[in-house]
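Here are my notes on the model, point by point. Please read them with the structure open.

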Amino acid sequence: DDDSAEDDYVDDEVPSEQRLLYEMCAWGWKMSARTPIGLENLGNTCYMASALQMFRCVPELLKAICNFEPMQESRSHALSQNLIEAMKLLFMELTERKESVSPLTMVHHLRNYAPQFAEVGMMGPAQQDAEECLSTMLQALIGQFPGKKNKCLIRELFQIGLKKKIQNSDPNIPEESVIKETTMRLPLIIDAKTNTIHDSIQKTFSYEIQKHSTATGVDATYNVSTEITELPPYLFVHFVRFFWRNDTQKKAKICRDVHFPVILDLLPYCSPELKNPIARSLAEQKASYLQSHPIWGDGEVDENERKWAELEQEEIQNEIAEAERLKSALASGRSLNEQNEEDDDQFGYGDEMEDEIPANSTSANTNTNNKTSSQGDRLEGCSSRPLSSIYELRAVLTHQGRFADAGHYIAWIKTGIMERASPRSALQPMWLKFDDEKISLHPEEEVKKTSGGSEGPIAYLCLYGRSRALAEGLNFDDQIR
């Protein structure tokens with residue numbers, strides 16, 4: 001059960017596979033006394049290290065890798081299985097070791113599976129594209145893990161269904177075709193008018209092309225419109241920031257600032273067949289929420305009044321709980337302090353809270369009232385959550401530098417820890433920054449600054465997970481906390 005899993009995690013005598021499974025499912029959401037460790041850079045291997053750190057945000061995937069057993073098949077399958085086995089051993093080392101881990105075996109098998117990553121430049125191993133590496137590793141994982149309904153697990157977790165309608169722009173020529181396709185990540189175009197992720201989606205989903213018309217026999221303009229027909233539990237968003245420049249003969253980088261929200265709603269881009277069941281699901285979730293939280297009315301309520309109402313309701317509940325504890329203490333002849341200690345033991349409070357503060361946090365010595373950890377149902381992963389078009393940001397992979405063949409990749413992982421900068425300030429989410437073997441804790445505001453427009457780290461890949469939020473930018477669960 002869950003309680004025994006928590007006890008096992010802090011026991012060094014527990015088999016490494018069991019400890020691996022618990023840490024991989026929980027490390028990002030409930031920090032332990034053990035500070036996470038990173039991967040050594042073996043010479044331009046940051047692209048692989050940051051991609052692997054993003055995989056650690058998906059409990060279902062890490063559980064499958066933890067239980068992976070290679071099979072004897074063809075050479076092509078052997079290469080992918082060797083890569084997965086190396087991935088499993090690497091994650092086990094990250095669990096057992098107290099210092100940074102060398103990914104030498106992982107690099108070796110990645111280059112065997114995809115020789116393009118073995119390219120060598122004048123100064124040593126060439127820098128590679130992190131998105132290409134992540135896509136390559138996902139491709140290796142496809143077919144190795146069975147899922148539900150005759151579908152492999154990787155496609156269940158990440159596959160996006162798209163429907164493209166290609167229509168002749170001339171209204172007098174009824175020429176139209178439909179193409180259905182799937183992808184493991186959503187590539188988004190950036191141009192001079194792109195300011196937000198929604199601008200990029202609209203640009204990617206609606207554009208014009210020139211092609212030969214079978215109806216007229218000459219080239220014609222066609223309008224291409226795209227709809228989402230399938231939404232996965234986890235969504236990789238790829239900002240297409242690199243393009244080939246003929247004048248420099250290099251892949252240049254688009255540094256434009258493109259805002260990406262923490263809570264993202266894709267409902268406007270879904271097909272009617274997908275939009276209708278999602279709208280019903282969201283309506284059911286909202287009705288259930290309003291029923292259990294009556295302070296949220298259907299009418300317009302001032303935001304400050306709503307927050308004060310929540311605080312008042314919380315104070316009332318605390319007073320009721322305090323009265324119940326006092327009644328129990330009087331009935332048993334104990335003091336109120338003794339009763340509180342018994343309640344702490346019963347519900348697992350007390351010493352465990354100290355383990356939830358990272359050792360490398362800049363405010364690790366501050367009052368524990370300035371910190372809180374929200375583990376909750378995040379341990380179960382996003383695949384068990386209700387159907388929704390609303391996603392919550394879980395990880396960001398950034399690139400720093402002007403060119404694709406140079407620069408540096410970093411992974412930013414949301415921890416679930418909420419921290420106060422001061423006793424009077426509001427709680428804000430904290431993120432772990434995985435800069436190869438250097439790990440540090442940062443507020444979410446710093447992650448938002450990676451949207452671009454500077455020489456610093458810029459978001460290249462975002463990993464979103466299906467959320468319980470009911471609207472973009474409004475996460476009711478977070479507001480309650």
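1. Overall make-up. The chain has 15 helices and 17 strands. Helices (H or I, at least four residues) and strands (E, at least two) are DSSP runs, numbered from the N terminus. The chain holds 481 residues, and 45% of them count as buried. Buried means under 20% relative accessible area, exposed over 50%, and partly exposed in between (1.4 Å probe, protein chains only). Take the contacts between residues at least 6 apart in sequence: 67% of them join residues at least 24 apart. Contact here means heavy atoms within 4.5 Å.

2. Basis. This is a predicted model, where local features need pLDDT of at least 70, side-chain atom pairs count only at pLDDT 80 or more, and totals for chains, interfaces and linings use all residues. Residues are numbered from 1 along each chain as its sequence is written, and side-chain values use heavy atoms, with hydrogens and water left out.

3. Helix α3 against α6. Helix α3 covers residues 46-55 and helix α6 covers residues 104-113. They pack at an angle of about 100°, with their axes 11 Å apart. Axes are lines fitted to C-alpha atoms, for helices over the stretch in contact; angles run from 0 to 180 degrees between N-to-C directions. That angle makes α3 roughly perpendicular to α6. Under 35 degrees counts as roughly parallel, over 145 as roughly antiparallel, 65 to 115 as roughly perpendicular, and the rest as oblique. Tyr47, Met48 and Leu52 in α3 meet Met106, Val107 and Leu110 in α6. By class, the residues of this contact are six nonpolar, no polar and no charged. Ala, Val, Leu, Ile, Met, Phe, Trp, Tyr, Cys and Pro count as nonpolar, Asp, Glu, Lys and Arg as charged, and the others, Gly among them, as polar.

4. Helix α3 against α7. Which residues of α3 meet α7? The axes of α3 and helix α7 (residues 130-141) come within 8 Å and cross at roughly 55°. That makes α3 oblique to α7. From α3, the contact takes in Tyr47, Met48, Ser50, Ala51, Leu52, Met54 and Phe55. From α7, it takes in Ala130, Cys133, Leu134, Met137, Leu138 and Leu141. The contact of α3 with α7 has 12 nonpolar residues, one polar and no charged.

5. Valine 120. Is this residue buried or exposed? Valine 120 counts as exposed because its relative accessibility is 61%. It lies in strand β1 (residues 120-121). Leaving out residues up to four places away in sequence, valine 120 touches Pro125 and Ala126.

6. The four-stranded sheet. This open sheet has the order β4-β3-β7-β6, with antiparallel pairing. β4 (176-183) and β6 (206-212) stand at the edges with a single partner strand each, so one side of each has no neighbour in the sheet. The twist averages 30° from one strand to the next. Strand β3 (residues 160-168) pairs with β4 over eight bridges; strands pair if DSSP finds at least two bridges between them. Isoleucine 166 has serine 177 in β4 as its bridge partner. Helix α9 (residues 197-205) lies across β3, β6 and β7 (219-230), running at about 20° to β6.

7. The β9-β10 hairpin. Strand β9 (residues 242-245) and strand β10 (residues 250-253) run antiparallel, joined by four bridges. Phenylalanine 242 stands opposite lysine 253 in β10. Four residues lie between the two strands, and glutamine 249 in the turn has a positive phi of about 60°.
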